Amino acid sequence: MVSSHQGFEAVTFDYGNLDEWKSYFKEIKEIAKSCKTIEEFWNELKRRCDGLTFKDLQEEFDYSTVLLGGVTPDGEYKERSLAKVYAVLFGFKPENIHDLIEKLKRGLPPTTKIVVEVTEFIRFVRNVLDKVMSILRQAESKALIDSADVDVEVDYFGILSDYKKLIEIVENFVNNVAKILPNYNQKSLFVWTLDKLTYRYMTTAYPKLRDG
């Protein structure tokens, strides 16, 4: 058992310093930006593409690489193919890929419908966004940040044209979320444990709270 007189602290950052928490909310805002970038890109895919035929889509932009890149002649997605990334993460895919492949093979009009569906990934991104926006609004109400507003600019056609840009927005999201997990972030650990400790252990882990 750890005595309250031993001076043990669960975290080493200065949790009584307002500037420490202001920097933490900047990290939270970066997560919100990552989430919103992905959501806005998905929204644009939905707005521009959902329900149209492959033939109609091609009049605005060449989507063939995005929808068929890494698809076998039999209509199967190769592992790590670009088309599979879009299908699994963003729900952007032909309604019937075998039908589309067959029409293209036979030189028939590619009238296969294209869909943009909500995936588990998009649900997760939205869930994270809801939570971090709630935190930011609370921080704004306490004057810890100037504004909870998060503005992003999404280069829709740039992302579609450059696989690296797609990977970048996904990696930014994953890395920003990972950096805020209690396992890696002492401020998150502090917040996460406050309502899980008895007063005795809380003031042992965080001695400065005894003076609060």
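Colleague: Ala-143: buried or exposed?
Modeller: Ala-143 is exposed, at 61% relative accessible area. Exposed means over 50%, buried under 20%, partly exposed in between, with a 1.4 Å probe and protein chains only.

Colleague: Where is Ala-143 placed?
Modeller: In the loop between helix H6 (120–141) and helix H7 (156–161). Helices are DSSP runs of H or I, at least four residues, numbered from the N terminus.

Colleague: What about the phi of Ala-143?
Modeller: Positive, about 60 degrees, although Ala-143 is not a glycine. Most residues other than glycine have a negative phi.

Colleague: How far can I take this model?
Modeller: It is predicted: local features need pLDDT of at least 70, side-chain atom pairs count only at pLDDT 80 or more, and totals for chains, interfaces and linings use all residues. Residues are numbered from 1 along each chain as its sequence is written, and side-chain values use heavy atoms, with hydrogens and water left out.

Colleague: Switching to Lys-36. Which helix is Lys-36 in?
Modeller: Helix H1, residues 18–49. Lys-36 is partly exposed, at 27% relative accessibility.

Colleague: What does Lys-36 contact beyond four places in sequence?
Modeller: Leu-129, Val-150 and Val-152. Contact means heavy atoms within 4.5 Å.

Colleague: And what separates the C-alpha atoms of Lys-36 and Val-154?
Modeller: 9.3 Å, with the two residues 118 apart along the chain.

Definitions and conventions. Helices (H or I, at least four residues) and strands (E, at least two) are DSSP runs, numbered from the N terminus.
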